[in-house]
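Reader: I'd like to learn how to read packing and side-chain pairs from a set of coordinates. Could you take me through it, one feature at a time?

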Amino acid sequence: RLLNSKSYKPVFNHGSKIGGRFLLLLYLENAIKTPRLGVVVAKKRVKRAVGRNRIKRLVRDSFRLHQHDIKSCDIVILARDGIAEQSNEAILAELEKKWQKLSKDA
């Protein structure tokens, strides 16, 4: 996982984007053999900690299931407005599309 700002900074500065309605995916190839994930869910987007944790849990679980299809890159997922009102199924469906697009692009 991406754990500190030093790991996030190159992805934010030089990464490529895959946009979506409720999620934005940034990625940048890395020298490590495995993909790494970072999730950003701002208080501004989702007010309650329960909601932020739910979204992060869904993203991490979806990544765990699809990481073998993804080449080695650092990935940051940003939550956008309106994600708090979405069901788990809608978030997972959008993530599925992102992983497919990422496996083709990266």
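Author: Let's begin with helix H1 and what lies against it. This is a predicted model, and in it the buried residues of H1 pack against strand S2 (23–29), strand S3 (36–40) and strand S4 (73–79).

Reader: Which residues of helix H1 are buried?

Author: H1 covers residues 5–14, and its buried residues are Ser7, Tyr8 and Val11. Look down the axis next: these residues cover an arc of only 90°, which means they sit on the same side of H1.

Reader: And which residues are exposed on the other side of H1?

Author: There you find Ser5, Lys6, Lys9, Asn13 and His14, which are exposed.

Reader: What's the general idea behind residues that point the same way in a helix?

Author: An α-helix has 3.6 residues a turn, so residues three or four places apart point the same way. Keep that spacing in mind for side-chain pairs. Tyr8 and Phe12 are four residues apart in helix H1, so about one helical turn separates them.

Reader: How many aromatic pairs does the structure hold?

Author: The structure holds two aromatic pairs. In one of them, Tyr8 and Phe12 are stacked, with 6.2 Å centre to centre and 20° between the planes.

Reader: What about Phe63 and Trp99: what are the distance and the angle between the planes?

Author: Phe63 and Trp99 form a tilted aromatic pair, 5.7 Å centre to centre with 55° between the planes. This pair links distant parts of the chain, with Phe63 in helix H2 and Trp99 in helix H3, 36 residues apart. Are they buried or exposed? Phe63 is buried, and so is Trp99.

Reader: Now for charges. How many salt bridges does a search of the whole structure find?

Author: It finds five. Let me walk you through some of them, starting with a pair inside a helix. The side chains of Asp61 and Arg64 meet in a salt bridge at 2.6 Å, N to O. Asp61 and Arg64 are three residues apart in helix H2, so they're separated by about one helical turn.

Reader: How accessible are Asp61 and Arg64?

Author: Asp61 is partly exposed, with a relative accessible area of 35%, and Arg64 counts as partly exposed too, at 47%.

Reader: Which residues form the salt bridge that links distant parts of the chain?

Author: That's Arg45 and Asp81, whose side chains meet at 3.0 Å, N to O. Arg45 sits in the loop between S3 and helix H2 (49–66), whereas Asp81 sits in the loop between S4 and helix H3 (88–105), 36 residues apart. As for accessibility, Arg45 is partly exposed, with a relative accessible area of 30%.

How values were computed. Residues are numbered from 1 along each chain as its sequence is written. This is a predicted model: local features need pLDDT of at least 70, side-chain atom pairs count only at pLDDT 80 or more; totals for chains, interfaces and linings use all residues. Side-chain values use heavy atoms; hydrogens and water are left out. Buried means under 20% relative accessible area, exposed over 50%, partly exposed in between (1.4 Å probe, protein chains only). Helices (H or I, at least four residues) and strands (E, at least two) are DSSP runs, numbered from the N terminus. The arc is that of the directions from the helix axis to the C-beta atoms. Contact means heavy atoms within 4.5 Å. A salt bridge is a side-chain nitrogen of Lys or Arg within 4 Å of a carboxyl oxygen of Asp or Glu. Rings of Phe, Tyr and Trp (its six-membered ring) pair if their centres lie within 6.5 Å; planes under 30 degrees apart count as stacked, over 60 as edge-to-face and the rest as tilted.
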